[in-house]
Amino acid sequence: MLRDAMIIFRYQLRLLLREPVWIIITMIQPLLYLALFAPLLEPIAKTQGFPPGDAWQVFVPGLLIQLGIFGSMFVGFGIIAEVRWGTIERMRVTPASRLGLLLGRVLRDTLVLLLQAALLTVIAVAFGLRVPLAGALVAVAIVGLLGVALSSLSYAAGLWLKSEDALAPLLNMVSVPVLLLSGILLPMEFAPPWLRHLASANPFSHVVDGSRAAFRGDYGASSLTIGLCAAAGLAVVGLLIAKRTFERESA
Amino acid sequence: MITARGLARTFKTRTATVEAVRGLDLDVAAGEIVGLLGPNGAGKTTTQRMLATLLAPTAGTATVAGCDLRADPVGVRRQLGYVSQAGGTNPGAKVDEELITQGQLYGLTAATAATRARALCASLDLADLGDRIIGKLSGGQRRRLDIALGLVHQPKLVFLDEPSTGLDPHSRANLWSHIRGLRDQAGATILLTTHYLDEADALCDRIFIIDHGVIVASGTPAELKRRISGDLVTFEVDDVERATAVLRDHPEARDVTAVERGLRVTVDRGEAQALPLMRALDDAGVKVGSLHIAHPSLDDVFLTLTGRSLRE
Ligand SMILES: Nc1ncnc2c1ncn2[C@@H]1O[C@H](COP(=O)(O)OP(=O)(O)OP(=O)(O)O)[C@@H](O)[C@H]1O
Ligand SMILES: [Mg+2]
């Protein structure tokens, strides 16, 4: 199974590296996020109810999670193309394990995401972020787990729907509430109680809180443990759902 | 090598239920080249996809390459090479890359896969294209790559779904000799689908003709040709029913089909037998308007066997 995963991983990575435009875009993206959001940061940080910590320490983890969500969520479009080309069917007739075929792809997506996340953090340091190395690594690991979860789910959705026209609205429908309720864009500290309850049911909000704790260097915080568990749980659930979908006959 | 009993598959779409394959019995011995011949929608692809473990049969059982289809699908996959009707290549990948990855998925090392890929490319007229991006291959080159992908692991059982679509006459002849070579040199068993009678004739030891999901005839090409060869005599008559009754029992008429305002009769030699048949009709009081003798084309063969034309 792992061997199959590595074969697919290397194959998919090579295909990706052949697209120079794609490489430039993925690397510029983090820079763009920072350059556009940083000017808003100082004034907002002075607002009442802003989460604890230095403005950068609050903002950058949120950006990382957002990168994790948007960087992984759209991989399902790729698998729809593969279904159309017939490559998925061709690989399904080989003895390769279904989980291996899935994992290889997820691994590729996660590697790319981790590189982007690391790059974003480094650039943020240049902009003025102060973060302990261990905390940054933990936060990047959380993003990686999130990437595993979301790219798996996106592949499952792509295989299920088999149509770009159906996948796009689904992703839109899911991403906006998840993003708003995670406290990435606007801190949930501002929210009325009912919205706050809703947010606390959203695993992503715990993931965001966890990475913020990591960035503060607050390793004992319960929010960090909860965040890590939430991310790991999402990854496991995502993989299981995607595995089942890959094993379905019509996939 | 393949034993199937009562294999069936029904598709449910939103508006209808399609019985694509309806109870197929199939036996293929090791080292045979067997063809599934039939018009569009006959169920050829569905049959192959079931036997290739891609589609679960709604009924029936099958043993493929010694492994039970339902109990040991991975065992089947390990020994099977499958080339689908539509192919399956990533337009962004390179020819070599695709072949080597495919070989690796079958458990070959990268080095062995590369050697096999090179040899296959050479014999399928793809030499020097190893470094080419697949999206930039011609249609025929891509089809030959599809076939190569099904063969990298040197399977002992090969399924080819309309392997020669899109190939020019030269490539087609080359493919045929390659397929024969697979059997003669490597001892492989081959199950291919086609709707070209000449392809089935040139290549297959045995042919199953399927239509509407059932086998309507089977045998060696020679046997089938004997059944379906002969000439077609078409009579225009005033009373089709009576004429059919008369000719059905006539010793020289092998097959009688009603057509528009007349009858189509299969006989061994049209020129010699048309007149006696006409006389028989005349004796029975059927008026014959005209008479037409034709030597059968591929289309007539299908018409005789399936009641349907290959040209739709
Ligand atoms: N996934 C599916 N859903 C619904 N109907 C299907 C599906 N796949 C095949 N069919 C139907 O089953 C029937 C048999 O199809 P199949 O592809 O096996 O034919 P075929 O003999 O391979 O024809 P062709 O010569 O055109 O390739 C057709 O009527 C087809 O429309
Ligand atoms: Mg077909």
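Leu281(B) is buried, with a relative accessible area of 0%; buried denotes under 20% relative accessible area, exposed over 50%, and partly exposed the range in between, with a 1.4 Å probe and protein chains only. This is a predicted model, in which local features need pLDDT of at least 70, side-chain atom pairs count only at pLDDT 80 or more, and totals for chains, interfaces and linings use all residues. Residues are numbered from 1 along each chain as its sequence is written, chains are lettered from A and ligands numbered from 1 in the order in which they are written, and side-chain values use heavy atoms, with hydrogens and water left out.

Leu281(B) belongs to helix α10 (residues 270-283) of chain B. Helices (H or I, at least four residues) and strands (E, at least two) are DSSP runs, numbered from the N terminus. Setting aside residues up to four places away in sequence, Leu281(B) contacts Phe235(B), Val237(B), Ala243(B), Val246(B), Leu247(B), Val286(B) and Val288(B), a contact being heavy atoms within 4.5 Å. Between Leu281(B) and Thr244(B) lie 37 residues in sequence and 9.4 Å in space, C-alpha to C-alpha.

The magnesium ion (ligand 2) is coordinated at 1.8 to 2.1 Å by Thr45(B) through OG1 and Gln85(B) through OE1. Thr45(B) lies in helix α1 (residues 44-51) of chain B and Gln85(B) in the loop between β6 (80-83) and α3 (95-105) of chain B, so the pair ties together parts that are 40 residues apart in sequence. Donors are N, O and S atoms within 2.8 Å of the metal (3.2 Å for Na, K and Ca); water is not among the atoms, so sites may look incomplete. Thr45(B) is partly exposed at 24% relative accessibility, and Gln85(B) is partly exposed at 35%.

Chain B is divided into domain 1 (2-225) and domain 2 (229-295), with bounds from an automatic or database domain assignment. The centres of domain 1 and domain 2 of chain B, taken over C-alpha atoms, are 41 Å apart.
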